[in-house]
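Okay, thanks for making time, everyone.

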Amino acid sequence: MDNKQEDIFEKRIRFLAKHYQEDKLDEKKAWEKFSARTKVKRVIPFRRYLMAVASVALILLVVHLWYVSEKSPEWVVITTGPGEIKEICLADSSYITLAENSQVTYDAKIYGKSGRALVLEGKAYMEAARDEARPFSVQTHLGVVTVLGTSFQVNDKGTSLEVEVYTGKVRLDIHDSEKNEILTAGMSARYGLEDPEIYILTEEHMNSLSWKTKQLRFENTPVEIVIADLSEYYHMTIVNKKATPGVSLTATFKEQPLEEVLLIINQTLDIRLEPLPNN
């Protein structure tokens with residue numbers, strides 16, 4: 001570099017040092033002015049353009065997959081078959097005993113976080129852990145049972161619904177209506193499509209949990225109720241073939257075969273209970 005070129009270069013350096021201000025240069029505007037004067041267009045290489053588009057698409061795909069993954073439910077479905085009973089302990093320490101031929105469903109992703117909702121088909125005994133911020137609710141065909149912390153039984157038969165409360169308090173709301181009831185310990189409610197009213201019972205049904213405890217208890221129980229409880233427990237239609245008005249039974253049976261139970265009752269009460277043959 002000769003002396004003349006060195007002088008020119010030095011003058012340019014001094015000019016830049018005098019007039020340069022940090023963050024004042026707008027690259028985009030500078031290029032637009034230069035392009036307007038020189039008619040030169042700024043060209044982005046096609047390969048670089050494709051890479052930029054692919055990067056944006058990949059980011060959008062990752063965000064979409066994350067959103068779908070976070071929002072989509074994670075259904076847990078537990079079922080029982082004939083003669084099968086399952087014990088279920090949920091993440092919040094709530095406890096369920098699922099009766100035979102029943103099903104309970106819940107979203108494991110949100111259960112215990114934003115809510116504690118279950119869907120029940122069939123019968124189940126439940127002990128809900130207390131959590132006032134997230135009430136425990138059971139959806140059925142005809143209504144929903146909501147609790148804070150209690151033990152209760154729900155029997156969803158499709159066309160009818162039965163709720164029995166053993167401890168605490170629950171609220172029963174019937175779908176598509178303004179019908180609702182508050183039930184406390186010792187109370188039960190029945191609702192059906194044939195007679196769409198909520199009927200409240202305050203008398204204890206001693207054998208409502210016999211399917212769970214495997215025990216039948218009778219304390220001065222009229223024989224008509226004895227027959228109904230035996231028929232439900234053993235899944236048999238039982239009839240009395242000897243007229244015995246006003247007869248009652250006091251006895252306890254624990255996992256005994258039907259034939260043995262009927263023999264004891266018949267000899268004790270001098271009646272004739274017999275199962276009808278299955279068709």
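Let's start with strand S14 (215-222), which gives six residues to the lining of the second largest pocket, the most of any element there. Before I go further, keep in mind that this is a predicted model.

So, staying with that second largest pocket: about 300 Å³ of space lies in it. Its lining has 16 residues, and those nearest the centre are Glu203, Glu204, His205, Met206 and Ile225. Besides S14, strand S12 (188-192) and helix H5 (223-234) each give two or more residues to that lining. By class you get five nonpolar, five polar and six charged residues.

Now the largest pocket, with a volume of about 620 Å³. Here 25 residues form the lining, and Glu100, Lys123, Trp211, Glu232 and His235 lie nearest the centre. Which elements give two or more residues to this lining? They are strands S5 (116-128), S8 (150-156) and S9 (160-167), plus helices H4 (210-213) and H5. The lining divides into four nonpolar, eleven polar and ten charged residues.

H5 has twelve residues and runs 16 Å from first C-alpha to last, close to the 16 Å expected at 1.5 Å a residue. Which residues of H5 are buried? Val223, Val226, Ile227, Asp229, Leu230, Ser231, Tyr233 and Tyr234. As a reminder, an α-helix has 3.6 residues a turn, so residues three or four places apart point the same way. The buried residues of H5 pack against H4, S14, strand S15 (238-240), strand S16 (248-254), helix H6 (258-269) and strand S17 (273-275).

Just after H5 comes His235, with a positive phi of about 55°. That's also one of the residues nearest the centre of the largest pocket. For context, most residues other than glycine have a negative phi. Asp176 has a phi near 55°, and you'll find Asp176 in the loop between strand S10 (169-174) and strand S11 (180-184). Is Asp176 buried or exposed? Exposed, because its relative accessibility is 84%. Asp270 also has a positive phi, near 55°, and sits in the loop between H6 and S17.

Ala124 counts as buried because its relative accessibility is 0%. What does Ala124 touch, leaving out residues up to four places away in sequence? The list is Ile96, Thr97, Leu98, Ala99, Phe152, Gln153, Val154 and Trp211. Take Gln153 from that list: Ala124 and Gln153 are 29 residues apart along the chain, yet their C-alpha atoms are separated by 5.8 Å. And Trp211, another contact of Ala124, is one of the residues nearest the centre of the largest pocket.

Let me zoom out to finish. The protein has six helices and 17 strands, and 33% of its 279 residues are buried. Of the contacts between residues at least 6 apart in sequence, 42% join residues at least 24 apart. The exposed surface comes to about 18700 Å², with carbon and sulfur atoms supplying 55% of it.

That's my tour, and I'm happy to go back to any part of it.

Key. Residues are numbered from 1 along each chain as its sequence is written. This is a predicted model: local features need pLDDT of at least 70, side-chain atom pairs count only at pLDDT 80 or more; totals for chains, interfaces and linings use all residues. Side-chain values use heavy atoms; hydrogens and water are left out. On a 1 Å grid over the protein atoms alone, a cavity is a set of points where a 1.4 Å probe fits but cannot get out, and a pocket is an open set with protein on both sides within 12 Å along at least five of seven lines; lining residues have an atom within 4 Å of a point. Grid points are joined across faces, edges and corners, and a volume is the space filled by probe spheres set on the points. Helices (H or I, at least four residues) and strands (E, at least two) are DSSP runs, numbered from the N terminus. Ala, Val, Leu, Ile, Met, Phe, Trp, Tyr, Cys and Pro count as nonpolar, Asp, Glu, Lys and Arg as charged, and the others, Gly among them, as polar. The expected span of a helix is 1.5 Å times one less than its number of residues. Buried means under 20% relative accessible area, exposed over 50%, partly exposed in between (1.4 Å probe, protein chains only). Contact means heavy atoms within 4.5 Å. Accessible areas come from the Shrake-Rupley method with a 1.4 Å probe; for residues, only the protein chains shown count as cover.
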